[in-house]
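Good morning, and thank you for coming. Please look at the sequence and the structure on the screen while I speak.

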Amino acid sequence: MSRPTIARIHLDNLRHNYRLARRRAAPARTIAVVKADGYGHGIERVAFALSEETDQYAVACLEEAVALREAGLTQPVLLMQGVHEAADLRVCEAERFTVVVHDPHQLEWLETVSGRPDIWLKINSGMNRLGFAPADLEKVRKRLVRAGVRVTGAMTHFACADDEQSQSTARQTRIFDQATGGLGNITRSVANSAAHFRDGQAMFDRTRPGIMLYGGSPMLGRYGPELGLKAAMTLESRLIAIRQLSPGDAVGYGETWRATRSTLMGMVCIGYGDGYPRHAPNGTPVWLRGTRAPLIGRVSMDMLAIDLGDVPGAAVGDTVELWGEHIPVDEVADCAGTISYELLTGVTRRVPRVEAGESMRLNTGSDL
Ligand SMILES: Cc1ncc(COP(=O)(O)O)c(C=O)c1O
């Protein structure tokens with residue numbers, strides 16, 4: 001007997017989004033960012049689905065890169081945080097991973113350990129998270145040359161590309177361009193998803209789209225569909241109980257919602273134990289029977305309540321979309337005070353990822 005809560009993965013939509021990124025990046029080429037388990041969609045599944053479309057992947061760490069090799073993928077992989085141990089450099093060289101170097105301690109490892117993978121330099125152009133100061137670049141480059149390391153690329157990351165009003169992205173782009181212009185024939189990369197939607201943004205040689213591949217909007221105040229993106233994940237469950245509430249009846253922990261009129265309430269078999277945000281407030285929309293219904297009361301670990309008042313004919317066993325084609329994940333994120341990245345990567349292991357079109361035996365209402 002299987003629980004009726006699944007994340008349906010739409011690989012066609014993923015490919016649609018990747019092609020959109022490619023078009024917006026051209027003539028620059030794109031690197032598919034598949035870290036954090038493919039933003040929650042399954043790193044191997046996502047990487048395979050894009051293997052005909054992309055010639056390079058980007059991940060955060062060695063474990064993710066190794067997962068791609070173990071799955072049989074042979075394309076170059078960029079480790080955007082570099083390595084966390086000196087000995088990992090040998091693995092990176094053997095597996096032909098390209099390693100980002102962002103800090104002096106990583107330089108020292110390259111000088112002392114035998115592993116010599118290709119290196120991209122990370123430049124701090126103003127985000128002040130990781131990277132070398134532009135003023136230190138020449139010194140860093142000379143040390144790498146002396147150590148016999150090949151520097152094949154340079155990258156930076158934007159702090160505010162999602163905000164169309166912000167001037168920071170133009171400033172960071174200028175700083176990066178000036179800092180790396182003299183580094184010779186290397187690959188230069190600045191653009192996250194948001195940069196693909198900024199008019200006039202320089203794309204350099206390679207872009208690094210992540211969230212847009214999965215259908216999440218990278219732009220503040222805009223939802224994925226407005227940008228031509230399609231949901232790569234539908235989070236769905238079913239109604240497992242229906243109850244008639246009288247005026248004054250409360251629902252759920254803390255009695256945070258109370259009926260002011262006679263209300264038909266439905267319980268949906270999904271909660272924060274599945275990654276649905278506990279902070280989603282009353283009114284956060286779900287979708288069933290072709291219409292929206294509002295969340296009511298506090299989200300529990302394994303279930304949540306909705307008001308079925310405007311859903312004609314609702315019945316136990318009805319499919320409920322929490323986010324996906326009809327309810328943009330960005331909208332749920334907005335309601336819950338977070339971002340689509342956190343929701344997508346936060347869907348827990350308890351929720352089976354099922355590729356759209358793949359059959360899976362699920363309980364019907366009558367089984368429940
Ligand atoms: C260095 C770097 N590049 C690219 C990306 C992709 O960003 P986005 O998902 O906003 O496209 C990330 C994501 O966090 C990142 O850390």
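I begin with a definition: a polar contact is a pair of N or O atoms within 3.5 Å. Please also keep in mind that this is a predicted model.

With that cut-off, let us turn to the ligand. Which backbone lies 2.8 Å from an oxygen atom of the ligand? It is the backbone of G210, through an N or O atom. A polar atom in the side chain of Y39 is 2.6 Å from an oxygen atom of the ligand. In R208, an N or O atom of the side chain lies 2.9 Å from a nitrogen atom of the ligand. How much of the ligand does the protein bury? Taken alone, the ligand exposes 390 Å², and 90% of that is buried by the protein.

Next, the surroundings. The ligand is found in the largest pocket, and 13 residues surround the ligand. The closest are K35, Y39, S193, I211 and Y341.

Finally, the overall arrangement. The protein is divided into two parts: domain 1 covers 11-216, and domain 2 covers 233-367. Their C-alpha centres are 37 Å apart. Where the two domains meet, ten residues of domain 1 are in contact with nine residues of domain 2.

Thank you for your attention.

Methods:
Residues are numbered from 1 along each chain as its sequence is written. This is a predicted model: local features need pLDDT of at least 70, side-chain atom pairs count only at pLDDT 80 or more; totals for chains, interfaces and linings use all residues. Side-chain values use heavy atoms; hydrogens and water are left out. A residue is near a molecule or strand if one of its heavy atoms lies within 4 Å of it. A polar contact is a pair of N or O atoms within 3.5 Å; within protein, one must be able to donate a hydrogen and the other to accept it, and residues adjacent in sequence count only if both atoms are side-chain atoms. Accessible areas come from the Shrake-Rupley method with a 1.4 Å probe; for residues, only the protein chains shown count as cover. On a 1 Å grid over the protein atoms alone, a cavity is a set of points where a 1.4 Å probe fits but cannot get out, and a pocket is an open set with protein on both sides within 12 Å along at least five of seven lines; lining residues have an atom within 4 Å of a point. A molecule sits in a cavity or pocket if more than half of its atoms lie within 2 Å of its grid points. Domain bounds come from an automatic or database domain assignment. Contact means heavy atoms within 4.5 Å.
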